[in-house]
Amino acid sequence: MISRRKFFSNAVVTAGAAALGATTRSVPAAEPARQPFEISEKVMGNSQADRQEHPPGEPGKDYTPVITPNGSTLPYKVVGGVKVFHLIAEEVDHEFAPGLRAYCWGFNGQVHGPTIEAVEGDRVRIYVTNKLPENTSIHWHGVLVPSGMDGVAGLNQKNIEPGETYKYEFKLRQHGTCMYHSHSDDMVQIALGMMGMFIIHPRTPTGPKVDRDFVLMSSEWRINVGTKRPVPIEMTDFNILTFNGRSFPGTAPLVAKYGDRVRIRFGNLSPMEHHPIHLHGFYWKITEMDGLAIPEAAQQPGNTVLVAVGQTRTVEFTADNPGDWAMHCHMTHHTMNQMGHNAPNLIGVRPGKLDKRVSTLLPGYMAMGESGMADMGEMGMPVPANSIPMVGAPGKHDYIDMGGMFTIVKVRQNLTSYDDPGWYENPPGTLATLASNDELQRDLGFVPSSEKSEKPMDHMDMKHGG
Ligand SMILES: [Cu+2]
C-alpha cells in the first residue's frame, strides 16, 4: 500500500529522470518496511497512544453506551482480557409493525442483529453459530481486520456450514460507526435481514460529550400482501422500508432532553436503494463518514443526509427545539407501507361505478384515492391478514398517514426519564389552527370560497378508461 502523498513525494524525487512506469516501480525499494495497519492508522488519524495496550473498555467509564431503538446491544464477557461475543444466525419470526410479521433471517432472535459495541484498542473474539438452512459468513463492514477475518465466504474463509460455529478475533485499531452483515449468498441473506451495527468508541474521546447516542440502520423489503416471507429476488419494488427492522408506526421515538447533545449514527444496508434521511426542527453537522471522523472545520451542516447502500453517516446536533419532530427518508415511497404500485392513477377522477365493475374481476378491489390516498389507513378499510397497506397511526392532532422509514424525535424540557413522553403540548400561539373569518377578512380582505377548485379533468369522467 502506498499513500497518495508518498507516491507523489517519491515521484518528485525521481521526476524528470524516469518515465512514469519506472517511477512507480522505484517506489517499493524506497519504502521502509511497514507494519500491518500502519498506513491505515495514519488514515484514521490515530495517535501513537491509540496503539498502546489497554484493558477492555467499560461502559459508563470509557464510553456512553449507544441506544438502538427497537433493538438491543449484544452482551459480552471478558475472558483473559478479550471481549467475547456470540452471534447466532437464525430464522426469526419478526414483527415489522403491529399487523405485519414475517419469517426473516437475523441474529440472536432479532432483526436486525444486536448492535456490537466496543472500544478502540479492545481485542474482540466473536463466535458465529450458523442455525440457518444454508451456509453463511459474516463480514465486519468498515472494521479494519486482517484479511482472513474479513468474512467474504470463499475469498477470506470457508463457509460456515449449518450447525457450525466459527471464531473471528481481531484487535480494534480504529473508532467509528461500522456495520456487520452476511457475506455468503449475500442477495438472499441481506434481503432477509442479516445485518447489524458495529460501534467502536474512541479510546480517547475528543469533541463535545454526547448525551444521547442513537443507532439507526435502514433497510427495505418486499413482502407480498398476505404472505409471511420477504422476497429475496426483488430488485426494484420494495414495499416495506425500515429503521432498525421496523416500519412506522412500529418505530420507537428517539427521546432527548432539551439541551442534550444528540448523535445519530445512520447505516444503510438496503439491498438496492439509497436513503436521504431528513430531520425536521434542527440542523445537524455530519461528524463521520463511513466511520471516519471529519475534522470539525470540515463538518458539513444540513438537515438531510444521503446514506447510500453500504454507507454510514453520523450526525450531531443540540436538541434546542422542544417538540415532536418527524425524521424520515425523504423518498415519498419510502414512507409508506405495502401500497400496490400498479394501481391506476385516479386522482381527480370520479370513479363512479368503477369499484363495482372492477371488483367483479378482482374481489376486494377498492379504487385508491379519487382525492388522494391519505385516508386509506384512517378509514380502517379491511386489509388482508398480515399486511399493513397504508397504515399510519393516530396522532395528537389528526391521523398520521405515514409509514415505512419514519420515526419521531421527541425533545422535552423537564424530562425525568427517557421513556416515551407522549405527544408534545404546544405552547399557546405555536400551533397551526383553522383561520377564523375575522382573521381572513382582516388580513386577506376576503374569505376564500370553501368550494373545491374545478379542474378540466373533473369532466373526463372515466371516458378514457373504456
Ligand atoms: Cu429511502
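I began at two residues, Cys 329 and His 334, and found both buried, where buried means under 20% relative accessible area, exposed over 50% and partly exposed in between (1.4 Å probe, protein chains only).

**Ground rules.** I note that this is a predicted model, in which local features need pLDDT of at least 70 and side-chain atom pairs count only at pLDDT 80 or more, while totals for chains, interfaces and linings use all residues. Residues are numbered from 1 along each chain as its sequence is written, and side-chain values use heavy atoms, with hydrogens and water left out.

**Chain as a whole.** I checked confidence next: the mean pLDDT of the chain is 85, and 77% of its residues reach 70 or more, pLDDT being the predictor's confidence in each residue, from 0 to 100. Over residues 35-39 the pLDDT is below 50, and this stretch has 6 contacts in the model beyond near neighbours in sequence; a contact means heavy atoms within 4.5 Å. Residues 458-466 also have pLDDT below 50, with 10 contacts beyond near neighbours in sequence.

I counted 7 helices and 23 strands in the chain, taken as DSSP runs numbered from the N terminus (helices H or I, at least four residues; strands E, at least two). Of the 466 residues, 45% are buried, and among contacts with a separation of 6 or more, 73% are between residues 24 or more positions apart.

**Strand β9.** I then followed β9 (residues 195-201), which is largely enclosed by the rest of the structure because 7 of its 7 residues are buried. In a regular strand the side chains alternate between the two faces of the sheet. In β9, Met 195, Met 197, Ile 199 and His 201 point one way and Gly 196, Phe 198 and Ile 200 the other.

For its partners I required at least two DSSP bridges between two strands, which is the condition for pairing. Strand β4 (residues 116-119) pairs with β9 in the parallel sense over 4 bridges, and Ala 118 stands opposite Ile 200. The pairing of β8 with β9 is antiparallel over 6 bridges, with His 181 the bridge partner of Met 195.

**Ser 182.** Not counting residues up to four places away in sequence, Ser 182 touches Thr 136, Ser 137, Ile 138, Gln 189, Ile 190 and Met 194.

**Pro 162.** Last, I placed Pro 162 in the loop between β6 (138-141) and β7 (165-171), where Pro 162 counts as partly exposed at 39% relative accessibility. The C-alpha atoms of Pro 162 and Lys 131 are separated by 5.7 Å, although these residues are 31 residues apart along the chain.
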